[in-house]
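Subject: Structure handover

Hello,

Here is the structure I promised to pass on. Please have a look at it first, then read my notes below.

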Amino acid sequence: MMTGGTISQKAVDGKMQIVFSSEELLSRISTSAELTFIDVAKVSGAELQLQHLFDIKNIVKNHDDFDGYLLITGTDSLEEIAFGLDQLIPPEKSFVITGAVKPADAMGYDGEANLHDALKVIQSPISTKLGILVTINEDIHVARYLRKQDSSLIGTFKSHPGPIGQIRRGEAVFYYTSVPSYQRTLNSDKNLINNKVSIWTMALDPCLDESTLEHLDGLVIAGMGTGSVANSIVDQLSPKWTSKIPIVITSRCQVGLNYDDYYYKGSLQKYEEKGFRIIGYEELNPLQARIKLMLELAT
């Protein structure tokens, strides 16, 4: 499957355009796998929507006789696409996502190597129960731990505490064979996905415009540190708005928990007793929490 992205782009008359289909991209890759090609969309990663996730979910459902699935997509939104699909698709078969940081006509194009490596991961029996995986730059990442940390470098994608495996000698080598289970939103309905959820990031001397909340179905707050939110903002939102829409508190940090009762006593109760949502979003960054909340609102 392919949605487009940098991996399929090159410059045409001075502008970047998607010029390659999934079949054209994979025709360059030597593999023993029998491939079926489905182009879901031909857009950049920035143009993808949650609707595309449901389109991909339906393709998997309608082709449940396949041994595994490869998604080629844009790297701008890859971490969100990977997490969203991991929420929607049960971990029953190999599902690997890849893309490229450089376009097809750039020196050092990484697309072909990433496609080759992704197919190797899909063919490994270890990958079948690990949920959505991302293979890029010879690393194998678990979707929910993936973070894009640089805007343009080849090594932009990292995961914590590190990749679950890597490509060694042209083959997939896994360092771990299982990952912790977590709750997925498998029953989300595509027809209910028109909800509006925004992210507000806390900073010094914060100021939030309440008028925008009137048009939202939910809100994610990216708090400082372990989800710290200024008392003035807490008072502004609770109980007036926490009684109307779900408001989730996360951390604005790339990695970490949204509360810590061990060092900061009462940091969970402080917010939950005022109607904010903490539990269920403990390890999620703001981007992930937003996707999860939107999918929960669509159940």
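A residue counts as buried when its relative accessible area is under 20%. Keep in mind that this is a predicted model.

**Strand S7**

With that cut-off, how many residues of S7 are buried? Five of the five are, so S7 is largely enclosed by the rest of the structure. Both of its faces are covered. Ile132, Val134 and Ile136 are buried on one side. Leu133 and Thr135 are buried on the other.

S7 runs parallel to S6, and three bridges join them. Phe95 has Ile132 in S7 as its bridge partner. Val134 is worth a click too. Leaving out residues up to four places away in sequence, Val134 touches Leu78, Ala82, Ile97, Asp139, Ile140, His141 and Leu146.

**The nonpolar cores**

The largest nonpolar core has 37 residues. Which of them have the most contacts inside it? They are Met1, Leu71, Leu85, Phe95, Ile97, Ile132 and Val134. Several elements give two or more residues to this core: helix H2 (50–62), strand S5 (68–72), H3, S6, strand S7 (132–136) and H7. There is also a second, separate core of 25 residues. Leu25, Ile72, Ile122 and Phe174 are among its members.

**Helices H3 and H7**

Two packed helices are described by the angle and the distance between their axes. For H3 (residues 78–88) and H7 (residues 286–297), the axes come within 10 Å. They cross at roughly 40°, and the crossing is right-handed. On the H3 side, the contact uses Glu79, Glu80, Phe83, Gly84, Gln87 and Leu88. On the H7 side, it uses Leu287, Gln288, Ile291, Lys292 and Leu295. By type, the residues of this contact are five nonpolar, three polar and three charged.

**The three-stranded sheet**

Next, find the open sheet with the order S13-S14-S15. Its three strands pair in parallel. Which strands are at the edges? S13 (197–201) and S15 (247–251) are, and each pairs on one side only. On average, neighbouring strands are turned by 25° against each other, direction ignored. S13 and S14 (residues 218–223) pair over five bridges.

**Two loop residues**

Pro90 sits in the loop between H3 and strand S6 (94–98). Is Pro90 buried or partly exposed? Its relative accessibility is 30%, so Pro90 counts as partly exposed. Pro90 and Thr201 are 111 residues apart along the chain, and their C-alpha atoms are separated by 31 Å.

Arg28 lies in the loop between helix H1 (22–26) and strand S4 (39–43). Arg28 is partly exposed, because its relative accessible area is 36%. Neighbours within four places in sequence aside, Arg28 is in contact with Phe20, Tyr109 and Glu112. The C-alpha atoms of Arg28 and Ile278 are separated by 47 Å, and the two residues are 250 places apart along the chain.

Over to you.

Best wishes

Conventions: Residues are numbered from 1 along each chain as its sequence is written. This is a predicted model: local features need pLDDT of at least 70, side-chain atom pairs count only at pLDDT 80 or more; totals for chains, interfaces and linings use all residues. Side-chain values use heavy atoms; hydrogens and water are left out. Axes are lines fitted to C-alpha atoms, for helices over the stretch in contact, and angles run from 0 to 180 degrees between N-to-C directions. Helices (H or I, at least four residues) and strands (E, at least two) are DSSP runs, numbered from the N terminus. A crossing is left-handed if the near helix is turned anticlockwise from the far one by less than a right angle, and right-handed if clockwise. Contact means heavy atoms within 4.5 Å. Ala, Val, Leu, Ile, Met, Phe, Trp, Tyr, Cys and Pro count as nonpolar, Asp, Glu, Lys and Arg as charged, and the others, Gly among them, as polar. Buried means under 20% relative accessible area, exposed over 50%, partly exposed in between (1.4 Å probe, protein chains only). A nonpolar core is a set of buried Ala, Val, Leu, Ile, Met, Phe, Trp, Tyr and Cys residues joined through side-chain atoms within 4.5 Å. Two strands pair if DSSP finds at least two bridges between them.
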